[in-house]
Amino acid sequence: MSVLLSRLLADDVALPQGVADAAISGLTADSRQVKPGFLFAALPGTKVDGAQFIPQAVAAGAAAVVIGDQTTAPPANSILIKSGNPHQLFARIAARFAGSQPDIVVAVTGTNGKTSVAAFVREIWQSMGFRAASIGTIGIVGPQGEEYLAHTTPDPVKLHHALAELAQDHVTHLAMEASSHGLAQFRLDGVRLAAGGFTNLTRDHLDYHATIEDYFDAKMRLFSELLPQGAPAVVNADVDIARDVVTRAKAHGLTLFTVGEKGHDLKLVSCVRDGFGQRLVLATASGQHEIYLPLVGDFQVSNALVAAGLVIATGGEEALVLHALESLKGAKGRLDLVAHSTKGAPIFVDFAHTPDALEKAILALRPYVKRKLAVVFGAGGDRDKGKRPQMGAIAAKHADIPYVTDDNPRSEDPAVIRAAVMAACPGGIDIGDRALAIRTAVEALEEGDILLVAGKGHEPGQTVGGKVLPFSDHDAVKAAVAGQDYHG
Ligand SMILES: CC(=O)N[C@H]1[C@@H](OP(=O)(O)OP(=O)(O)OC[C@H]2O[C@@H](n3ccc(=O)[nH]c3=O)[C@H](O)[C@@H]2O)O[C@H](CO)[C@@H](O)[C@@H]1O[C@H](C)C(=O)N[C@@H](C)C(=O)N[C@H](CCC(=O)O)C(=O)O
Ligand SMILES: Nc1ncnc2c1ncn2[C@@H]1O[C@H](COP(=O)(O)OP(=O)(O)OP(=O)(O)O)[C@@H](O)[C@H]1O
Ligand SMILES: N[C@H](CCC[C@H](N)C(=O)O)C(=O)O
Ligand SMILES: [Mg+2]
């Protein structure tokens, strides 16, 4: 398949006619992927400037090269397209190259809860009879099954290829996660969005964003730049920063839809625990509604309301949406009750890998604990180091038995990461080998205890050095309960 360069650039860049008639056979921002007739985007990155690979891209047959207008590009035997924002231009080109997108695409941002909200939105739409999918940390989940992805928000080429495939498969409704990296790197700038959601903002990714304000600004691009005027902004009103989100959304002419105890459009009137579920009373313009939410944790109520808000605000019938909440399953590895120990203690697997998430996950389980609450957790390598002592302190404060273990050490020395966590976690038990930590914790469980295994959730591997070794918390827990060794 080839597309005329003029079609890919639309009104973004004007080129002389003969030049604009070039046929482009593919796109990439990686010189190593260039094939004859491709457009290569030479993008400045966090490690290198893609412009240095222009000679290789041209030698591989690049027909056109997108570069920043401040970049001094080497003389190239191909069409040079200069842009003040090459990342954004590339995202738009990727959208035009791929062609179709599902009719209704909503995006959710926030530090925690994005995957859960995207999964809930997909589930609600499915139960209303729509052909729906979601894209995010757990991959592409749709009618054709699941495909794991490397990123929460994929790069524009991968993203638009996925959107076009879903549209061709007659998927009309899509919920996607907008990560702060994805927003900062303009990965979603070609997506036609119908609505945006916001969950919360707490500490994460301060290795990448210089300050928490920069991190917030990146997230706010969804509201202040990506959504078209008048589109709904669904905001969890129960977090302090919601005020700022509302201000930005209003300034951009979005239609506010607030949810939660302080919400206006979908208000949480009351919430009472009922086994591993919760009975909610919700208020909307049409009156009060009693709902059973089959999920553990206050934060899942908040996520479910953002999800319901996104569906209602994009035209979903309120009664059907609220009814659908009663059968939500949620995303794999989010406070997932995976097994019971031989003494009957429930064991949960969760994806908490930020201080706030760890605190929320532990506190969500506390009401069910009759004796002791144990937590197995760690902190990721090559990621925000400031999270480590904070997570250690939270486990020490809120859990009875904290086990500190490895969670994707990546290029770092795992013992150094654990030491940083342990320094703030008096009483913590340091067991680097994650399978052994889980087995030790499981074997120590008594009746009335609960174990939370946090940090990896759905992840299928442990990243050590440059290698991803097969590892699943779900399987490690099941093996430990069966008294078997687990090696991934
Ligand atoms: C920090 C970060 O987000 N980096 C992403 C970014 O890379 P970069 O632009 O910094 O790349 P770079 O290595 O400096 O290279 C610059 C350019 O030169 C190009 N290049 C490089 C080498 C070469 O030989 N030829 C060549 O053309 C590269 O393709 C790139 O376009 O763009 C790349 C292409 O899209 C991503 O693969 C890469 O993700 C890295 C691997 C990553 O780990 N990202 C994580 C942190 C991430 O994005 N996470 C978020 C949030 C997760 C969450 O929800 O918590 C996500 O959405 O997944
Ligand atoms: N609304 C929330 N508030 C606080 N913590 C939450 C909330 N929702 C989920 N969590 C916690 O955060 C973890 C991750 O949740 P989820 O995967 O839905 O978030 P995410 O925003 O997609 O995360 P990531 O950016 O890592 O993909 C959960 O396992 C849980 O511990
Ligand atoms: N998208 C997140 C996932 C972190 C998962 C956790 N297991 C860790 O490795 O810290 C990141 O790449 O920072
Ligand atoms: Mg996610």
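# Sheets, helix pairs and ligand shells

Strand 4 (residues 38-41) and strand 5 (residues 64-68) run in the parallel sense and are paired over three bridges, where strands count as paired if DSSP finds at least two bridges between them. Helices (H or I, at least four residues) and strands (E, at least two) are DSSP runs, numbered from the N terminus. Within this pair, Phe40 stands opposite Val65 in strand 5. The model is a predicted one, in which local features need pLDDT of at least 70 and side-chain atom pairs count only at pLDDT 80 or more, while totals for chains, interfaces and linings use all residues. Residues are numbered from 1 along each chain as its sequence is written, and chains are lettered from A and ligands numbered from 1 in the order in which they are written.

The two strands belong to an open sheet of four strands, which stand in the order 3-4-5-6 with parallel pairing. At its edges lie strand 3 (26-28) and strand 6 (79-83), each of which pairs on one side only. On average, neighbouring strands of this sheet are turned by 20° against each other, direction ignored; here axes are lines fitted to C-alpha atoms, for helices over the stretch in contact, and angles run from 0 to 180 degrees between N-to-C directions. Helix 4 (residues 86-98) packs on the sheet and touches strand 3, strand 4, strand 5 and strand 6, its direction making about 145° with that of strand 5. Two residues are in contact if their C-beta atoms, placed from the backbone, lie within 7 Å.

Strand 14 (residues 255-260) and strand 15 (residues 266-274) run parallel and are joined by two bridges, with Gly260 opposite Lys267 in strand 15. Strand 15 is also joined to strand 16 (residues 277-284), by seven bridges and in the antiparallel sense, and in strand 16 the bridge partner of Val272 is Arg279. Strand 15 and strand 16 form a hairpin with two residues between them, and Gly275 in the turn has a positive phi of about 60°.

Two pairs of helices come next. The axes of helix 8 (residues 212-226) and helix 9 (residues 242-251) come within 8 Å and cross at roughly 30°, which makes helix 8 roughly parallel to helix 9, because angles under 35 degrees count as roughly parallel, over 145 as roughly antiparallel, 65 to 115 as roughly perpendicular and the rest as oblique. Their contact is made by Met220, Phe223 and Ser224 of helix 8 and by Val245, Arg248 and Ala249 of helix 9. For helix 15 (residues 434-443) and helix 16 (residues 473-481), the axes come within 9 Å and cross at roughly 45°, so helix 15 is oblique to helix 16. Here Arg434, Ala435, Ile438, Arg439 and Val442 in helix 15 meet Ala476, Val477, Ala480 and Val481 in helix 16.

Finally, there are the ligands. The residues around ligand 3 are Thr152, His353, Gly380, Arg383, Asp407, Asn408, Gly455, Lys456 and Glu459, a residue being near a molecule or strand if its C-beta atom, placed from the backbone, lies within 6 Å of it. Ligand 2 is surrounded by 24 residues, of which the closest are Gly113, Lys114, Thr115, Ala352 and Ala357. Helix 5 (114-127), helix 10 (298-313) and helix 12 (355-365) each supply at least two residues of this shell around ligand 2, and the largest share, four residues, comes from helix 12.
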